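Colleague: Could you give me a close reading of one part of this model, with the backbone and the burial of its residues treated together? Please state the cut-offs behind each term as you use it.

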Amino acid sequence: MYIVDSDNNKLIPAQSTYFKDQNIKERQHLQEWIAKNPEVLGEKLLIIQKEFDGFSDTRERLDLLALDDQGNVVVIENKLDDSGRDVTWQAIKYASYCSSLSKEEIIEIYAKYLGESKDIAIEKICAFYDIDDLEEMDLNLENTQRIFFVAANFRREITSSVLWLRNYGIDARCYKVSPFVYNGKLLVDFDQIIPMKDAEDYVIKMAEKKKAETTQAAATRQRHNERSEFWQKFIDYNQQVNGDYASSAGTPDSWLGKGGIGIPGVSVNIVISKTFSRTEIYVNTGDKDLNKRVYDYYYSQKDKLENQLGTLDWQRLDDRVTCRIAQAKSLTYCNEDDHQEIFEFFTERTSAFIKAFNQASRGFKK
(Lines give C-alpha, C1' and ligand atoms only; values in the text may rest on other atoms or scores of the structure.)
Protein backbone atom coordinates (compact mmCIF):
# COMPACT_ATOMS: atom_id res chain seq x y z
CA MET A 1 0.00 0.00 0.00
CA TYR A 2 1.23 3.46 -0.89
CA ILE A 3 0.32 6.92 0.34
CA VAL A 4 0.23 9.65 -2.29
CA ASP A 5 2.49 12.62 -1.47
CA SER A 6 0.78 15.27 -3.61
CA ASP A 7 3.28 18.01 -2.72
CA ASN A 8 6.21 16.02 -4.10
CA ASN A 9 4.22 13.94 -6.62
CA LYS A 10 5.47 10.61 -5.34
CA LEU A 11 4.31 7.47 -3.54
CA ILE A 12 5.32 6.75 0.02
CA PRO A 13 5.09 3.07 0.99
CA ALA A 14 3.11 2.24 4.11
CA GLN A 15 4.81 -0.31 6.34
CA SER A 16 3.33 -3.80 6.38
CA THR A 17 2.68 -5.12 9.87
CA TYR A 18 0.96 -7.87 11.84
CA PHE A 19 -2.22 -7.47 13.82
CA LYS A 20 -0.61 -9.04 16.87
CA ASP A 21 2.16 -6.42 16.80
CA GLN A 22 -0.51 -3.69 16.86
CA ASN A 23 -2.38 -5.32 19.75
CA ILE A 24 -5.40 -5.90 17.49
CA LYS A 25 -7.81 -8.59 18.72
CA GLU A 26 -10.08 -10.78 16.62
CA ARG A 27 -13.37 -10.21 18.47
CA GLN A 28 -12.68 -6.82 19.98
CA HIS A 29 -11.46 -5.21 16.76
CA LEU A 30 -11.72 -7.12 13.46
CA GLN A 31 -15.16 -8.51 14.21
CA GLU A 32 -16.45 -5.09 15.28
CA TRP A 33 -15.01 -3.38 12.19
CA ILE A 34 -16.93 -5.74 9.93
CA ALA A 35 -20.10 -5.64 12.05
CA LYS A 36 -20.20 -1.84 11.87
CA ASN A 37 -19.08 -1.59 8.23
CA PRO A 38 -20.03 -4.83 6.45
CA GLU A 39 -19.63 -3.08 3.08
CA VAL A 40 -15.85 -3.62 3.44
CA LEU A 41 -16.62 -7.12 2.12
CA GLY A 42 -17.68 -5.61 -1.18
CA GLU A 43 -21.46 -6.00 -1.07
CA LYS A 44 -24.61 -5.01 0.76
CA LEU A 45 -24.99 -7.05 3.96
CA LEU A 46 -27.23 -6.80 7.01
CA ILE A 47 -25.51 -8.09 10.14
CA ILE A 48 -28.14 -9.87 12.24
CA GLN A 49 -26.02 -11.35 15.07
CA LYS A 50 -22.54 -11.54 16.57
CA GLU A 51 -21.14 -14.59 18.36
CA PHE A 52 -24.24 -16.55 17.38
CA ASP A 53 -24.61 -19.71 19.47
CA GLY A 54 -28.21 -20.70 18.80
CA PHE A 55 -27.37 -24.28 17.84
CA SER A 56 -29.04 -27.20 19.55
CA ASP A 57 -26.85 -29.48 21.70
CA THR A 58 -23.61 -27.60 20.99
CA ARG A 59 -21.72 -24.71 22.54
CA GLU A 60 -20.17 -23.65 19.26
CA ARG A 61 -20.64 -20.09 18.05
CA LEU A 62 -19.95 -18.38 14.76
CA ASP A 63 -18.39 -14.93 14.51
CA LEU A 64 -20.93 -12.99 12.45
CA LEU A 65 -24.27 -13.90 10.91
CA ALA A 66 -25.68 -11.77 8.07
CA LEU A 67 -28.26 -11.54 5.30
CA ASP A 68 -27.26 -10.56 1.77
CA ASP A 69 -29.37 -8.53 -0.65
CA GLN A 70 -30.97 -11.71 -2.05
CA GLY A 71 -32.19 -12.99 1.32
CA ASN A 72 -29.41 -15.56 1.71
CA VAL A 73 -27.84 -16.29 5.09
CA VAL A 74 -24.11 -15.46 5.24
CA VAL A 75 -21.77 -17.05 7.78
CA ILE A 76 -18.67 -14.86 8.35
CA GLU A 77 -15.64 -16.37 10.06
CA ASN A 78 -12.78 -14.08 11.07
CA LYS A 79 -9.16 -14.86 11.83
CA LEU A 80 -6.30 -12.44 12.36
CA ASP A 81 -2.78 -13.09 11.12
CA ASP A 82 -3.34 -16.73 10.15
CA SER A 83 -6.44 -18.59 8.96
CA GLY A 84 -5.57 -21.77 10.85
CA ARG A 85 -6.25 -25.28 9.52
CA ASP A 86 -9.78 -25.97 10.73
CA VAL A 87 -11.73 -22.81 9.83
CA THR A 88 -13.28 -24.37 6.71
CA TRP A 89 -14.74 -27.28 8.64
CA GLN A 90 -15.99 -24.92 11.34
CA ALA A 91 -17.77 -22.69 8.84
CA ILE A 92 -19.33 -25.65 7.00
CA LYS A 93 -20.79 -26.85 10.30
CA TYR A 94 -22.15 -23.40 11.06
CA ALA A 95 -23.68 -23.05 7.59
CA SER A 96 -25.34 -26.46 7.98
CA TYR A 97 -26.74 -25.44 11.36
CA CYS A 98 -28.07 -22.17 9.91
CA SER A 99 -29.62 -23.87 6.87
CA SER A 100 -32.69 -24.77 8.94
CA LEU A 101 -33.36 -21.25 10.25
CA SER A 102 -36.89 -20.15 9.42
CA LYS A 103 -37.91 -16.59 8.61
CA GLU A 104 -39.45 -16.28 12.08
CA GLU A 105 -36.23 -17.48 13.72
CA ILE A 106 -34.17 -15.01 11.67
CA ILE A 107 -36.44 -12.19 12.86
CA GLU A 108 -36.04 -13.32 16.48
CA ILE A 109 -32.24 -13.53 16.11
CA TYR A 110 -32.08 -10.02 14.64
CA ALA A 111 -34.43 -8.60 17.27
CA LYS A 112 -32.16 -10.01 19.99
CA TYR A 113 -29.12 -8.48 18.26
CA LEU A 114 -30.84 -5.08 18.11
CA GLY A 115 -32.24 -5.34 21.62
CA GLU A 116 -35.59 -4.39 20.15
CA SER A 117 -38.99 -5.94 19.50
CA LYS A 118 -39.69 -8.25 16.58
CA ASP A 119 -41.76 -5.49 14.97
CA ILE A 120 -38.71 -3.19 14.92
CA ALA A 121 -36.58 -6.01 13.50
CA ILE A 122 -39.15 -6.58 10.73
CA GLU A 123 -39.20 -2.85 9.93
CA LYS A 124 -35.41 -2.75 9.61
CA ILE A 125 -35.29 -5.87 7.44
CA CYS A 126 -37.99 -4.40 5.18
CA ALA A 127 -36.03 -1.14 4.96
CA PHE A 128 -32.87 -3.10 4.06
CA TYR A 129 -34.72 -4.77 1.16
CA ASP A 130 -36.82 -1.65 0.39
CA ILE A 131 -40.05 -3.64 0.62
CA ASP A 132 -43.31 -3.04 2.47
CA ASP A 133 -44.21 -6.56 3.53
CA LEU A 134 -41.69 -9.19 4.64
CA GLU A 135 -43.96 -11.85 3.17
CA GLU A 136 -42.73 -10.64 -0.22
CA MET A 137 -39.14 -11.65 0.60
CA ASP A 138 -37.82 -15.20 0.72
CA LEU A 139 -35.17 -15.67 3.41
CA ASN A 140 -32.71 -18.54 3.70
CA LEU A 141 -34.04 -20.77 0.94
CA GLU A 142 -32.71 -24.30 0.66
CA ASN A 143 -29.04 -24.58 -0.39
CA THR A 144 -28.46 -20.82 -0.53
CA GLN A 145 -26.24 -20.38 2.54
CA ARG A 146 -22.95 -18.56 1.91
CA ILE A 147 -19.60 -18.67 3.76
CA PHE A 148 -17.12 -15.78 4.01
CA PHE A 149 -13.62 -16.21 5.45
CA VAL A 150 -11.63 -13.17 6.56
CA ALA A 151 -7.93 -13.41 7.52
CA ALA A 152 -4.58 -11.72 6.95
CA ASN A 153 -3.12 -14.93 5.52
CA PHE A 154 -4.72 -18.11 4.22
CA ARG A 155 -3.10 -21.51 4.42
CA ARG A 156 -3.08 -23.58 1.26
CA GLU A 157 -5.45 -26.18 2.71
CA ILE A 158 -8.02 -23.43 3.27
CA THR A 159 -7.86 -21.90 -0.21
CA SER A 160 -7.89 -25.37 -1.76
CA SER A 161 -11.00 -26.42 0.17
CA VAL A 162 -12.78 -23.13 -0.61
CA LEU A 163 -12.14 -23.59 -4.33
CA TRP A 164 -13.43 -27.17 -4.08
CA LEU A 165 -16.61 -25.99 -2.30
CA ARG A 166 -17.21 -23.40 -5.01
CA ASN A 167 -16.84 -26.08 -7.67
CA TYR A 168 -19.85 -27.82 -6.09
CA GLY A 169 -22.03 -24.71 -6.03
CA ILE A 170 -21.36 -23.49 -2.48
CA ASP A 171 -20.70 -19.75 -2.40
CA ALA A 172 -17.57 -19.69 -0.25
CA ARG A 173 -15.26 -16.67 -0.40
CA CYS A 174 -11.92 -15.53 1.02
CA TYR A 175 -11.12 -11.94 1.95
CA LYS A 176 -7.54 -11.02 2.77
CA VAL A 177 -7.34 -8.24 5.34
CA SER A 178 -3.91 -6.60 5.38
CA PRO A 179 -2.70 -4.19 8.10
CA PHE A 180 -0.27 -1.34 7.42
CA VAL A 181 1.24 1.42 9.52
CA TYR A 182 1.85 4.98 8.34
CA ASN A 183 2.65 8.01 10.47
CA GLY A 184 1.58 6.17 13.60
CA LYS A 185 -1.83 5.25 12.16
CA LEU A 186 -3.09 1.77 11.40
CA LEU A 187 -4.41 1.26 7.85
CA VAL A 188 -6.42 -1.80 6.83
CA ASP A 189 -7.06 -3.11 3.32
CA PHE A 190 -9.74 -5.70 2.49
CA ASP A 191 -9.19 -7.65 -0.72
CA GLN A 192 -11.41 -10.42 -2.09
CA ILE A 193 -9.03 -13.12 -3.30
CA ILE A 194 -11.47 -16.03 -3.92
CA PRO A 195 -13.15 -15.72 -6.29
CA MET A 196 -10.89 -13.12 -7.87
CA LYS A 197 -12.92 -9.95 -8.18
CA ASP A 198 -12.22 -9.49 -11.90
CA ALA A 199 -13.53 -12.98 -12.66
CA GLU A 200 -16.37 -12.94 -10.13
CA ASP A 201 -19.17 -11.93 -12.49
CA TYR A 202 -18.40 -14.78 -14.86
CA VAL A 203 -18.08 -17.32 -12.05
CA ILE A 204 -21.31 -16.19 -10.44
CA LYS A 205 -23.23 -16.25 -13.72
CA MET A 206 -22.10 -19.79 -14.45
CA ALA A 207 -23.02 -20.95 -10.95
CA GLU A 208 -26.40 -19.24 -11.14
CA LYS A 209 -27.09 -20.78 -14.54
CA LYS A 210 -26.32 -24.25 -13.24
CA LYS A 211 -28.42 -23.67 -10.13
CA ALA A 212 -31.35 -22.31 -12.13
CA GLU A 213 -31.31 -25.39 -14.33
CA THR A 214 -31.46 -27.78 -11.38
CA THR A 215 -33.51 -26.06 -8.67
CA GLN A 216 -36.44 -23.70 -8.27
CA ALA A 217 -37.95 -21.97 -5.29
CA ALA A 218 -41.32 -23.69 -4.98
CA ALA A 219 -42.74 -21.14 -2.55
CA THR A 220 -41.97 -18.24 -4.88
CA ARG A 221 -43.39 -20.04 -7.88
CA GLN A 222 -46.61 -20.85 -6.04
CA ARG A 223 -46.98 -17.29 -4.80
CA HIS A 224 -46.49 -15.90 -8.30
CA ASN A 225 -49.11 -18.26 -9.68
CA GLU A 226 -51.62 -17.32 -6.99
CA ARG A 227 -51.09 -13.62 -7.57
CA SER A 228 -51.34 -13.96 -11.35
CA GLU A 229 -54.66 -15.77 -10.97
CA PHE A 230 -55.96 -13.15 -8.55
CA TRP A 231 -55.05 -10.22 -10.82
CA GLN A 232 -56.64 -11.87 -13.83
CA LYS A 233 -59.89 -12.28 -11.91
CA PHE A 234 -59.66 -8.64 -10.82
CA ILE A 235 -59.09 -7.47 -14.40
CA ASP A 236 -62.06 -9.56 -15.55
CA TYR A 237 -64.17 -7.85 -12.87
CA ASN A 238 -63.02 -4.41 -14.08
CA GLN A 239 -64.01 -5.30 -17.62
CA GLN A 240 -67.50 -6.12 -16.37
CA VAL A 241 -67.90 -2.85 -14.43
CA ASN A 242 -65.83 -0.67 -16.80
CA GLY A 243 -63.24 -0.05 -14.08
CA ASP A 244 -59.86 1.67 -14.41
CA TYR A 245 -58.03 -1.66 -14.68
CA ALA A 246 -60.12 -3.10 -17.51
CA SER A 247 -57.22 -2.83 -19.97
CA SER A 248 -54.46 -3.87 -17.56
CA ALA A 249 -52.36 -7.00 -18.03
CA GLY A 250 -51.97 -9.73 -15.43
CA THR A 251 -48.77 -9.90 -13.39
CA PRO A 252 -47.13 -12.16 -10.79
CA ASP A 253 -46.15 -9.04 -8.83
CA SER A 254 -47.86 -7.89 -5.64
CA TRP A 255 -49.09 -4.64 -7.19
CA LEU A 256 -50.77 -3.01 -10.18
CA GLY A 257 -50.43 0.66 -10.99
CA LYS A 258 -52.14 3.48 -12.88
CA GLY A 259 -50.28 6.66 -13.84
CA GLY A 260 -51.60 9.99 -15.03
CA ILE A 261 -52.17 11.56 -11.62
CA GLY A 262 -51.10 15.04 -12.70
CA ILE A 263 -47.43 14.99 -11.63
CA PRO A 264 -44.93 12.79 -13.52
CA GLY A 265 -43.76 9.97 -11.29
CA VAL A 266 -46.95 9.86 -9.22
CA SER A 267 -49.23 6.83 -9.61
CA VAL A 268 -52.10 5.02 -7.95
CA ASN A 269 -51.06 1.52 -6.94
CA ILE A 270 -53.11 -1.33 -5.56
CA VAL A 271 -51.17 -3.80 -3.42
CA ILE A 272 -51.97 -7.29 -2.16
CA SER A 273 -50.31 -9.34 0.55
CA LYS A 274 -51.07 -12.23 2.85
CA THR A 275 -52.35 -9.84 5.51
CA PHE A 276 -53.77 -6.73 3.80
CA SER A 277 -55.01 -5.08 0.61
CA ARG A 278 -53.94 -1.47 0.04
CA THR A 279 -54.72 1.40 -2.31
CA GLU A 280 -51.99 4.04 -2.38
CA ILE A 281 -50.60 7.11 -4.03
CA TYR A 282 -47.00 6.18 -4.80
CA VAL A 283 -44.51 9.01 -5.34
CA ASN A 284 -41.43 7.95 -7.27
CA THR A 285 -40.06 10.60 -9.61
CA GLY A 286 -36.57 9.10 -9.42
CA ASP A 287 -35.36 12.04 -7.33
CA LYS A 288 -35.58 11.69 -3.54
CA ASP A 289 -35.70 15.43 -2.83
CA LEU A 290 -38.39 15.98 -5.45
CA ASN A 291 -40.40 13.05 -4.04
CA LYS A 292 -40.39 14.64 -0.59
CA ARG A 293 -41.47 18.00 -2.01
CA VAL A 294 -44.36 16.36 -3.88
CA TYR A 295 -45.38 14.54 -0.70
CA ASP A 296 -45.20 17.77 1.34
CA TYR A 297 -47.33 19.52 -1.29
CA TYR A 298 -50.01 16.86 -0.93
CA TYR A 299 -49.69 16.92 2.84
CA SER A 300 -50.40 20.67 2.85
CA GLN A 301 -53.85 19.67 1.47
CA LYS A 302 -54.35 16.89 4.02
CA ASP A 303 -57.67 18.14 5.42
CA LYS A 304 -59.20 18.63 1.97
CA LEU A 305 -58.04 15.21 0.75
CA GLU A 306 -59.27 13.41 3.86
CA ASN A 307 -62.64 15.15 3.58
CA GLN A 308 -62.92 13.56 0.14
CA LEU A 309 -61.32 10.18 0.82
CA GLY A 310 -61.48 9.55 4.54
CA THR A 311 -58.52 9.02 6.85
CA LEU A 312 -55.26 8.42 4.99
CA ASP A 313 -52.01 6.81 6.12
CA TRP A 314 -49.33 9.43 5.36
CA GLN A 315 -45.92 7.81 4.90
CA ARG A 316 -43.14 10.27 4.01
CA LEU A 317 -40.56 7.44 4.40
CA ASP A 318 -37.61 9.74 5.08
CA ASP A 319 -35.16 6.83 5.02
CA ARG A 320 -36.27 5.81 1.52
CA VAL A 321 -36.37 7.43 -1.90
CA THR A 322 -40.13 7.04 -2.38
CA CYS A 323 -43.23 8.24 -0.48
CA ARG A 324 -46.71 6.77 0.02
CA ILE A 325 -50.22 7.92 0.95
CA ALA A 326 -52.48 4.94 1.54
CA GLN A 327 -55.66 3.28 2.72
CA ALA A 328 -55.74 -0.41 3.58
CA LYS A 329 -58.11 -3.16 4.68
CA SER A 330 -57.45 -6.42 6.48
CA LEU A 331 -58.37 -8.49 3.44
CA THR A 332 -56.10 -11.06 1.80
CA TYR A 333 -55.96 -12.39 -1.73
CA CYS A 334 -55.10 -15.77 -0.18
CA ASN A 335 -58.70 -16.07 1.04
CA GLU A 336 -61.05 -16.50 -1.90
CA ASP A 337 -63.98 -15.33 0.27
CA ASP A 338 -62.31 -11.89 0.42
CA HIS A 339 -61.91 -11.51 -3.35
CA GLN A 340 -65.19 -9.76 -4.15
CA GLU A 341 -64.72 -7.23 -1.36
CA ILE A 342 -61.13 -6.58 -2.48
CA PHE A 343 -62.27 -6.09 -6.10
CA GLU A 344 -64.88 -3.54 -5.02
CA PHE A 345 -62.47 -1.78 -2.63
CA PHE A 346 -59.70 -1.47 -5.25
CA THR A 347 -62.04 -0.36 -8.04
CA GLU A 348 -63.89 2.27 -6.03
CA ARG A 349 -60.79 3.60 -4.22
CA THR A 350 -58.71 3.83 -7.40
CA SER A 351 -61.35 5.99 -9.07
CA ALA A 352 -61.67 8.18 -5.98
CA PHE A 353 -57.90 8.55 -5.55
CA ILE A 354 -57.38 9.49 -9.20
CA LYS A 355 -60.06 12.19 -8.99
CA ALA A 356 -58.93 13.66 -5.66
CA PHE A 357 -55.19 13.65 -6.32
CA ASN A 358 -55.55 14.96 -9.88
CA GLN A 359 -57.24 18.00 -8.34
CA ALA A 360 -54.65 18.21 -5.57
CA SER A 361 -51.78 18.09 -8.09
CA ARG A 362 -52.83 21.33 -9.78
CA GLY A 363 -50.50 24.18 -8.97
CA PHE A 364 -47.48 22.05 -8.04
CA LYS A 365 -44.29 23.53 -9.44
CA LYS A 366 -40.90 21.82 -9.54
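Modeller: Glutamate 51 counts as buried because its relative accessibility is 15%, where buried means under 20% relative accessible area, exposed over 50% and partly exposed in between, computed with a 1.4 Å probe on protein chains only. The model is predicted: local features need pLDDT of at least 70 and side-chain atom pairs pLDDT 80 or more, while totals for chains, interfaces and linings use all residues. Residues are numbered from 1 along each chain as its sequence is written, and side-chain values use heavy atoms, leaving out hydrogens and water.

Glutamate 51 lies in strand S4 (residues 45-52); strands (E, at least two residues) and helices (H or I, at least four) are DSSP runs numbered from the N terminus. Although glutamate 51 is not a glycine, its phi is positive, at about 50°. Aspartate 130, also not a glycine, has a positive phi near 55°. Aspartate 130 sits in the loop between helix H4 (118-129) and strand S7 (146-151), and its relative accessible area of 49% makes it partly exposed.

Burial also marks strand S11 (residues 266-272): 7 of its 7 residues are buried, so the strand is largely enclosed by the rest of the structure. Val266, Val268, Ile270 and Ile272 point one way from S11, and Ser267, Asn269 and Val271 the other way. S11 pairs antiparallel with strand S10 (residues 255-258) over 4 bridges, pairing requiring at least two DSSP bridges between two strands. Here glycine 257 stands opposite asparagine 269. With strand S12 (residues 277-283), S11 forms 7 antiparallel bridges, and isoleucine 270 has threonine 279 as its bridge partner. A hairpin through 4 residues joins S11 to S12.
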